[in-house]
Amino acid sequence: MKRIITITVLNRPGVLNRITGLFTKRLYNIESITVGHTETEGVSRITFTVEVEDHKQVEQLTKQLNKQIHVLKVTDMTNQNVVARELALIKVNSPAASRLEIYGIIEPFRASVIDVGKESLVIQATGEPGKVEALIDLLKPYGIKEVARTGTTAFTRSSKRNTPEKATFIV
């Protein structure tokens, strides 16, 4: 099962390496990772999307992360009502004849063209990871040259309502 885990850490050299090393030792595959400064100077927030087999593994992972030096807080936000976003840059083949079609495809996704070349467009898309994946799937027939994705970044919603088994992504 896929889990979204956030970790608030002191921004020190080697912290990210120690944390990802813990995932490696336990044979957990990190599907995505985002790191950035928080509103507090010297504190960073790391958001992992990780695949685990059961709740026992999640509990073990959370306990191990809490033991790490410089870790301030660990939160498994999977079963919470969250706002999740991802950024993707997609370079797609685009001869002049197909550009109008591509613009029609990206419009409902609120994506935008951020670079135009003779034979390609670079599209910027933000949203829930499933939405980004759906846009990429629709653009595949045109020929995708490159894709760069940031990974999931998430916050819990203001309301603390929990959902039964699956995270609720609000787009």
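Throughout these legends, a residue is called buried under 20% relative accessible area, exposed over 50%, and partly exposed in between, with a 1.4 Å probe and protein chains only. The model is predicted, so that local features need pLDDT of at least 70 and side-chain atom pairs count only at pLDDT 80 or more, whereas totals for chains, interfaces and linings use all residues. Residues are numbered from 1 along each chain as its sequence is written, and side-chain values use heavy atoms, with hydrogens and water left out.

View 1. Tyr 142 is partly exposed, its relative accessible area being 23%. Tyr 142 sits in the loop that joins helix H4 (129-139) to strand E8 (144-149); helices (H or I, at least four residues) and strands (E, at least two) are DSSP runs numbered from the N terminus. When neighbours within four places in sequence are set aside, Tyr 142 is in contact (heavy atoms within 4.5 Å) with Val 92, Asn 93, Ser 98, Glu 101, Ile 102 and Ile 105. The side chains of Tyr 142 and Glu 101 make a polar contact at 2.8 Å, a term for a pair of N or O atoms within 3.5 Å of which, within protein, one must be able to donate a hydrogen and the other to accept it, residues adjacent in sequence counting only if both atoms are side-chain atoms.

**View 2. The four-stranded sheet.** The strands follow the order E2-E3-E1-E4 in an open sheet with antiparallel pairing, where two strands pair if DSSP finds at least two bridges between them. Strand E2 (29-37) and E4 stand at the edges, each with a single partner strand, so one side of each has no neighbour in the sheet. From one strand to the next the twist averages 15 degrees. Eight bridges link E2 and E3 in the antiparallel sense, and Val 35 stands opposite Ile 46 in E3.

**View 3. The largest nonpolar core.** A nonpolar core is a set of buried Ala, Val, Leu, Ile, Met, Phe, Trp, Tyr and Cys residues joined through side-chain atoms within 4.5 Å; the largest has 17 residues, and those with the most contacts inside it are Ile 7, Ile 19, Phe 23, Leu 61 and Leu 65. Two or more residues come from each of strand E1 (2-10), helix H1 (15-25), strand E3 (43-51), helix H2 (55-66) and strand E4 (71-76), and H1 gives the largest share, four residues. Beyond its neighbours within four places in sequence, Phe 23 is in contact with Tyr 28, Ile 30, Phe 48, Val 50, Leu 61 and Leu 65.

How values were computed
Axes fitted to C-alpha atoms, helices over the stretch in contact; angles between N-to-C directions.
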